[in-house]
Protein chains: 2
Amino acid sequence: MRIAGIDLGGTEIKAGLVNESGILKKVSTSTEVEKGSEKIVENIVKTIKMLGEKVEAIGIGSPGSIDRKNGIVRYSPNFPQWHDFELGKKVYELTGKKVFIENDANAFTLGEWYYGNAKGCNDFICLTFGTGVGSGVVINKKMLFGKDGIGAELGHIIVSSDGPMCGCGNRGCLESYASAKSVARMAKELVLKHNNSSLLNRVKDINEIESKHVFEEAKNGDFISKYVVEKITDLIAKAISGYIHIFNPEKIILGGGMSKAGNELLNPIIEKTDMYVMKSFKNTYKIELSNLVEDAGILGAASCAIYGMEE
Amino acid sequence: MRIAGIDLGGTEIKAGLVNESGILKKVSTSTEVEKGSEKIVENIVKTIKMLGEKVEAIGIGSPGSIDRKNGIVRYSPNFPQWHDFELGKKVYELTGKKVFIENDANAFTLGEWYYGNAKGCNDFICLTFGTGVGSGVVINKKMLFGKDGIGAELGHIIVSSDGPMCGCGNRGCLESYASAKSVARMAKELVLKHNNSSLLNRVKDINEIESKHVFEEAKNGDFISKYVVEKITDLIAKAISGYIHIFNPEKIILGGGMSKAGNELLNPIIEKTDMYVMKSFKNTYKIELSNLVEDAGILGAASCAIYGMEE
């Protein structure tokens with residue numbers, strides 16, 4: 001098996017030649033979004049050729065709404081010029097290889113399944129805490145897509161009726177609290193109000209506060225940071241307890257940029273989820289951090305092709 | 001196809017002879033819980049024999065926690081003396097027929113699939129509003145059970161962090177607001193506080209207020225009843241919007257005793273859910289009431305056998 005896994009980012013295209021054991025070779029190039037769609041496709045094909053070896057299929061992971069069946073990017077925050085863009089067809093025409101495209105959260109989930117902590121699981125959930133809260137679900141060895149292939153948006157359950165506005169238009173979605181952006185915003189608001197926090201020593205401008213600063217300063221004992229971590233891990237745990245009641249999964253795996261906070265994020269979530277799950281669900285699940293780190297994107301993208309070929 | 005469908009209630013056992021088109025014959029007998037387990041099993045077998053015709057298999061629907069693979073009732077609110085009771089084995093020994101047991105919400109869901117409004121659906125959700133909030137989910141033509149077969153507890157997602165205590169031990173589960181019991185309780189508390197409601201004309205004792213009174217008096221313009229219906233349909237709609245984002249289903253079907261309120265329950269839920277779903281999910285789903293009415297129990301039970309034999 002030789003798969004090209006393409007992690008399609010807004011600034012960089014990371015590509016890897018992947019087999020059963022993992023990544024054999026990695027390359028990358030600039031996405032050059034500003035040069036238009038044709039150039040982006042050209043750059044994708046360039047990375048595939050840079051991998052140098054015969055590839056059987058191509059897997060692409062991209063943020064946004066993807067029509068996986070037809071290889072169409074409906075829209076993507078990284079590529080605002082793309083509306084119903086036939087990426088799959090275009091890459092196929094230039095390479096002659098089968099192309100499989102998934103959104104980045106689904107790709108992450110498949111990557112965890114084939115290469116990460118979900119190896120061998122029949123039922124598991126992945127949550128990615130980044131700009132937004134992404135998710136993927138595998139039930140009974142099948143990925144959850146839903147009737148129109150737009151399901152598994154676990155970040156958009158309402159966890160607090162009168163919570164902050166979410167990008168989706170609702171109030172109080174999990175994403176409106178637990179995305180890296182929301183964590184930074186919550187901390188900023190509190191710092192502005194109380195003007196007493198070690199977060200102020202970390203940045204020149206208060207708008208530079210990032211979620212990683214919040215987790216680090218919580219560890220250092222900063223009151224505001226501790227409060228924010230307490231609050232958001234509590235809401236994440238409440239949401240996860242709901243997912244456990246719904247899916248009865250074997251594992252819940254946490255990834256995305258914010259998961260780099262490690263045990264500062266993981267431990268309170270484990271502790272609080274245990275508190276919130278119903279008695280009959282206690283000890284039926286494990287919550288773990290992704291261990292794929294920087295390779296999650298490429299391995300996830302390659303896994304889309306593996307899953308697609310097996311389907 | 002000739003299936004015996006057994007709707008196992010705490011006071012009555014309703015049985016039906018069921019084929020592809022529906023119920024051919026109905027019988028019933030007292031459960032006689034007070035006479036012990038052996039007598040209950042005897043009464044189940046009696047109803048099967050009363051059906052008079054050769055049956056191929058037996059399906060049983062029962063409230064409680066059911067080990068469907070092994071036909072074991074782990075526990076049931078109707079039969080407090082049963083702990084890990086091998087109901088399937090016992091009925092098999094006395095009849096020689098294959099026996100399939102599911103909890104009542106799963107049975108209801110399968111009944112909707114084979115005989116009700118979910119006919120032909122590949123992805124749908126059922127919610128039953130009764131003593132508790134039950135649920136069943138079909139994804140990609142398969143029932144959702146989870147790793148240990150205890151999943152699809154959609155009534156136990158937390159919809160409001162500081163809500164009332166739920167039977168499961170958490171605060172603010174959907175069930176803590178939207179069960180018939182919770183609706184009655186909420187109305188009672190408000191009537192006690194304000195002592196001004198047409199609900200007082202419906203009952204001799206305030207403790208006799210039931211959810212059906214609340215829906216009827218809301219229709220009659222009673223302020224407290226209208227407030228309660230507004231509040232609980234809002235929370236149900238928020239929960240349903242979450243399920244839609246998670247499952248991207250074709251239909252959501254509402255059943256259980258409280259669904260007899262009809263459009264008084266359905267219409268505000270439809271309206272509010274439309275408000276809460278993300279743009280990309282608008283018009284992808286339908287919310288409907290179950291149309292199986294009094295036959296839902298028997299048809300659901302029979303459907304457990306049909307599903308079990310096809311599995």
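A:Met143 is buried, with a relative accessible area of 5%, where buried means under 20% relative accessible area, exposed over 50% and partly exposed in between (1.4 Å probe, protein chains only). This is a predicted model, in which local features need pLDDT of at least 70, side-chain atom pairs count only at pLDDT 80 or more, and totals for chains, interfaces and linings use all residues. Residues are numbered from 1 along each chain as its sequence is written, chains are lettered from A and ligands numbered from 1 in the order in which they are written, and side-chain values use heavy atoms, with hydrogens and water left out.

**Surroundings of A:Met143**

- A:Met143 lies in strand β10 (residues 142–143) of chain A; helices (H or I, at least four residues) and strands (E, at least two) are DSSP runs, numbered from the N terminus.
- Not counting residues up to four places away in sequence, A:Met143 touches A:Asn106, A:Thr109, A:Leu110, A:Gly136, A:Val137, A:Val138 and A:Tyr307, a contact being defined as heavy atoms within 4.5 Å.
- One of these residues, A:Thr109, is 34 residues from A:Met143 along the chain, and the C-alpha atoms of the two are separated by 8.9 Å.

**Chain A as a whole**

- Chain A has 9 helices and 12 strands, and its C-alpha atoms fill a box of roughly 60 × 50 × 35 Å, taken along the principal axes.
- A compact globule of 311 residues would have a radius of gyration near 19 Å, and the 20 Å of chain A agrees with this; the radius is taken over C-alpha atoms, and the globule rule is 2.2 Å times the number of residues to the power 0.38.
- Of the 311 residues of chain A, 60% count as buried.
- Among the contacts in chain A with a separation of 6 or more, 60% come from residues 24 or more positions apart.
- The accessible surface of chain A comes to about 13200 Å², of which 46% belongs to carbon and sulfur atoms; such areas come from the Shrake-Rupley method with a 1.4 Å probe, and for residues only the protein chains shown count as cover.

**How the two chains are related**

- Chain B can be laid on chain A with an RMSD of 0.1 Å by a turn of 180° and a shift of 0.0 Å along the axis, the copies being superposed by least squares on the C-alpha atoms of residues with pLDDT of at least 70 in both.
- The two copies are therefore related as by a two-fold rotation axis.
- The same surface serves both copies, since 100% of the contact residues of chain B recur in chain A.

**Core and contacts between chains**

- The largest nonpolar core has 102 residues, and A:Tyr243, A:Phe247, B:Tyr243 and B:Phe247 touch the most other members; a nonpolar core is a set of buried Ala, Val, Leu, Ile, Met, Phe, Trp, Tyr and Cys residues joined through side-chain atoms within 4.5 Å.
- Beyond its neighbours up to four places away in sequence, A:Tyr243 touches residues including A:Ile125, A:Leu127, A:Pro249 and, from the other chain, B:Ile246.
- B:His156 lies in the loop between β10 (142–143) and α4 (175–178) of chain B, and B:His156 is buried, with a relative accessible area of 5%.
- Leaving aside neighbours within four places in sequence, B:His156 is in contact with A:Gly242, A:His245 and A:Met278 of chain A, and with B:Cys166, B:Cys168, B:Cys173 and B:Glu175 of chain B.

**Helix α6 of chain B**

- In α6(B), B:Ser211, B:His213, B:Val214, B:Phe215, B:Glu217 and B:Ala218 are buried, and what covers the buried residues includes α5, α7 (223–247) and α8 of chain B.
- An α-helix has 3.6 residues a turn, so residues three or four places apart point the same way.
- The helix α6(B) is followed by B:Gly221, whose phi is positive, near 95°.

**Salt bridges**

- Over all chains the count comes to 28 salt bridges, each being a side-chain nitrogen of Lys or Arg within 4 Å of a carboxyl oxygen of Asp or Glu.
- The side chains of B:Glu216 and B:Arg202 meet in a salt bridge (2.5 Å, N to O), which links B:Glu216 in helix α6 (residues 211–219) with B:Arg202 in the loop between α5 (180–194) and α6 of chain B, 14 residues apart.
- Both partners are partly exposed, B:Glu216 at 35% relative accessibility and B:Arg202 with a relative accessible area of 34%.
- B:Lys260 forms a salt bridge with B:Glu294, the closest N and O atoms being 3.8 Å apart, and the two residues lie 34 residues apart in the chain.
- B:Lys260 is exposed, with a relative accessible area of 67%.
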